[in-house]
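Please keep the sequence and the three-dimensional view at hand while reading.

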Amino acid sequence: YVPRTQGHGKFKDHKKSKPKFKRLLDHQFAFHPDTENLRNKLGDVSPFDYISVTNKYHGCNCAVANILTNRPLSWVEKIAKFLKVKVVDKEYGMIYSSRTVVRNAEGHSKDGLKFTASEQSNVWKKVAEEIFPLLDKGIRVTGEIIGYDGYKEIQPQYDYGLTPGNHMFLVFKIDAVNVDGESYTFSHPQMVEYCKKKGLRLVDNYYYGLAKDLFDIPVDSDWHSNFIKKLSSEYLGKRDPLCSKDVPMEGVVISKEVPLQWDALKLKDLEFLGYETKMLDEETHGAE
């Protein structure tokens, strides 16, 4: 497994993006996995699972990590290492990514290089510079950036009450990564406490507890179908109260409490799905 970086794939023909020094240690970083559709996986949620129900914002994905990286060596250190002298060649540092691209794998951001218009955004870099100083060594946070990238909405019509030039980063997942690259996902209460301690903002949480206690429905053979009906009536079909335009809320994420792992399913509003399809067809959706 090799995380995609600016030196791989469609970027490889750009001379400036050919790395001279790679900071990224591949075993230290992992992208956030795709979240599957609850409508197709309803049986995966048990009435006796602890779950959290959170708002699903319509922005762009971003991960910021304080993880082990390769440390650039001086020529003296390189000679010493060649002569088998022990040299510290790793250090904790900032790595950040969009949903599918590590954007500073070689120690610099691809911002300012000659890429296509849809790839010139630097909102991930801005967020990383804001968030990284708050993170302890070995912590990786993943969240959604909403609002504006400069003077352009990150997602058309979804300003979330922010004004041009302003954005917000909302955390929905935190991982602890050890020196061997093994990662452990925080539980919901741990994430709440860590964000409170560090001054990070979480996505809005609507519920945390046993799934069976969210609604007053019997735990019987019809529980799953009744559960999704109640979820839909309670959380979907609403206009987004934060946005200045009349747009549907995207939906919710149901996260199961699984020790040390991430296990979540999304439930999107059907009107939003139609809107999203229209935006994709017009190729006006936000950056990756």
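Lysine 81 is partly exposed, with a relative accessible area of 40%; buried means under 20% relative accessible area, exposed over 50%, and partly exposed in between, with a 1.4 Å probe and protein chains only. The model is predicted, so local features need pLDDT of at least 70 and side-chain atom pairs count only at pLDDT 80 or more, while totals for chains, interfaces and linings use all residues. Residues are numbered from 1 along each chain as its sequence is written, and side-chain values use heavy atoms, with hydrogens and water left out.

Lysine 81 forms a salt bridge with aspartate 89, and the closest N and O atoms are 2.7 Å apart. A salt bridge here is a side-chain nitrogen of Lys or Arg within 4 Å of a carboxyl oxygen of Asp or Glu. Side chains of opposite charge can pair when their charged atoms come close. Aspartate 89 also meets lysine 90 in a salt bridge, at 3.4 Å from N to O; lysine 90 is partly exposed at 33% relative accessibility.

The structure holds 17 salt bridges. Another of them joins the side chains of lysine 256 and aspartate 263, at 3.8 Å from N to O. Lysine 256 is buried, with a relative accessible area of 16%, whereas aspartate 263 is partly exposed at 28%. Salt bridges that share partners link Asp49, Lys256 and Asp263 into one network.

The surface also has a nonpolar side. Trp75, Val76, Ile79, Phe82, Leu83 and Val85 make a nonpolar surface patch of about 710 Å². Patches consist of residues with over 30% relative accessible area and no salt bridge, where like charges are joined within 9 Å and nonpolar side chains (Val, Leu, Ile, Met, Phe, Trp, Tyr) within 5 Å. Valine 76, which lies in helix H1 (residues 75-82), is partly exposed at 48% relative accessibility.

In the chain there are five helices and eleven strands; these are DSSP runs numbered from the N terminus, with helices (H or I) of at least four residues and strands (E) of at least two. Of the 288 residues of the chain, 47% count as buried.

An α-helix has 3.6 residues a turn, so residues three or four places apart point the same way.

Histidine 188, buried at a relative accessible area of 11%, touches Ser52, Asn205, Tyr208 and Glu257, not counting residues up to four places away in sequence. Such a contact means heavy atoms within 4.5 Å. Cysteine 195 is buried at 2% relative accessibility. Just after H3, glycine 199 takes a positive phi of about 75 degrees.

Finally, the structure holds zero disulfides, a disulfide being a pair of cysteine sulfur atoms within 2.5 Å. Cysteine 62 is in none, since its nearest cysteine sulfur, that of cysteine 60, is 7.0 Å away. Cysteine 62 is buried, with a relative accessible area of 0%.

Conventions. Accessible areas come from the Shrake-Rupley method with a 1.4 Å probe; for residues, only the protein chains shown count as cover.
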